[in-house]
Amino acid sequence: MPNTFTLIQSVTVGAGGQASINFTSIPNTYTDLQILVSARGSGNRATVGLNLYYNSTTTNYTYRRIDGSGTSPDSSSGASPSAAILQGGNSTANVFGNYSIYIPNYASNTNKYASSDAVNENNGTQEYITLSSTLWNDTSAINSIQLTPTSGNILEYSTAYLYGIIKS
Amino acid sequence: MPAGSTYSTIATTTLGSAQTSTSFNSFSGYTDLVIVCDVAFGSTSNFQITFNNDTGTNYSNTIMVGNGTTAVSDRQSNQTRIVMGYNGTTSGNRAIYNISLMNYANTTTFKTALIRVGNPGADTIAQIGLYRSTPAITSIQFALQNGGNMNTGSTFTLYGISAA
């Protein structure tokens, strides 16, 4: 019997950073996908956005999100694949945020939904817990995923693991 | 269950026709449960869960909701089910649910469900539900809150997690 929860690919960002974390050639043999990320961005801010793209497509996305920053909670939405708020280059040194992204039925012929939980803690200000729902209004099967910051690069020592979950 | 398997698929259902409810009825030998639902709504409603076919006022929940403009927190007590959702999913749309039931089989504590709802057309939700009953959970029931249909293609998968 195949394993239910299997590592498909892993990425560890090396020296110099990289513009995005990419998972390619994702097999269509699983039911759901889960991505677990530890990351920090280089953008010249305490936080930057982290977008979740599929199949290198940059259109037909929406998101809806709730944030907690240590004061009053906030909610936002928009026409982008915003999956998380990423720890930025101006945040406390050596701090990396943690993110979990779940994508059910990624290989189906229906529009693609994802649920993301993201946490950053800075021992300071302007850090967030974010819970996001994203929609890719496209019925194509997902065969690649790109995690891309809205500004700057993803820094060295960031990691991301793509797992496949199979229901039978 | 294969020896040494920590995370196992117990059961899965894909609706071949619209129906008003579905359930999981046979699961034992695990420590925790995870349920993933991808629901296609046949009418505008929220989604609900009950346990052991119990429809008494034994449920409560606290919820945190972001609808894209406003963040709210709310709670309901003495309910006949745990309603997973807040602003409703529009008929024809889908929403995804990830439900964790830790220690579901113990017979000394009330049962707690940790729920995440992804409903990009309406809201994003984190929710905690309480089932005030000490017997083990032996069945789980799903339906739309308004009694309407869940459409063809809706999927429900039950996973078991073993601590040893």
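Over all chains, the count comes to 16 aromatic pairs, where rings of Phe, Tyr and Trp (its six-membered ring) pair if their centres lie within 6.5 Å, and planes under 30 degrees apart count as stacked, over 60 as edge-to-face and the rest as tilted. The model is predicted, so local features need pLDDT of at least 70 and side-chain atom pairs pLDDT 80 or more, while totals for chains, interfaces and linings use all residues. Residues are numbered from 1 along each chain as its sequence is written, chains are lettered from A in the order in which they are written, and side-chain values use heavy atoms, without hydrogens and water.

Two of the pairs are listed here.

| Pair | Centre to centre | Angle between planes | Class |
|---|---|---|---|
| Tyr53(A) and Tyr61(A) | 5.7 Å | 80° | edge-to-face |
| Tyr54(A) and Trp136(A) | 5.3 Å | 45° | tilted |

Tyr54(A) belongs to strand E4 (residues 47-54) of chain A and Trp136(A) to strand E10 (residues 129-136) of chain A, so their pair ties together parts 82 residues apart in sequence. Strands are DSSP runs (E, at least two residues), numbered from the N terminus. Tyr54(A) is buried at 1% relative accessible area, and Trp136(A) is buried at 1%; buried means under 20% (1.4 Å probe, protein chains only). Tyr53(A), at 17%, and Tyr61(A), at 5%, are buried as well.

In chain B, ring pairs link Phe24(B), Phe47(B), Tyr97(B), Phe142(B) and Phe156(B) into a cluster.

Ser91(A) sits in the loop between strand E7 (82-87) and strand E8 (97-103) of chain A, and is buried at 7% relative accessibility. Not counting residues up to four places away in sequence, Ser91(A) touches Arg40(A), Arg45(A), Ala46(A), Asn122(A) and Glu127(A), contact meaning heavy atoms within 4.5 Å.

Notes:
Helices (H or I, at least four residues) and strands (E, at least two) are DSSP runs, numbered from the N terminus. Buried means under 20% relative accessible area, exposed over 50%, partly exposed in between (1.4 Å probe, protein chains only).
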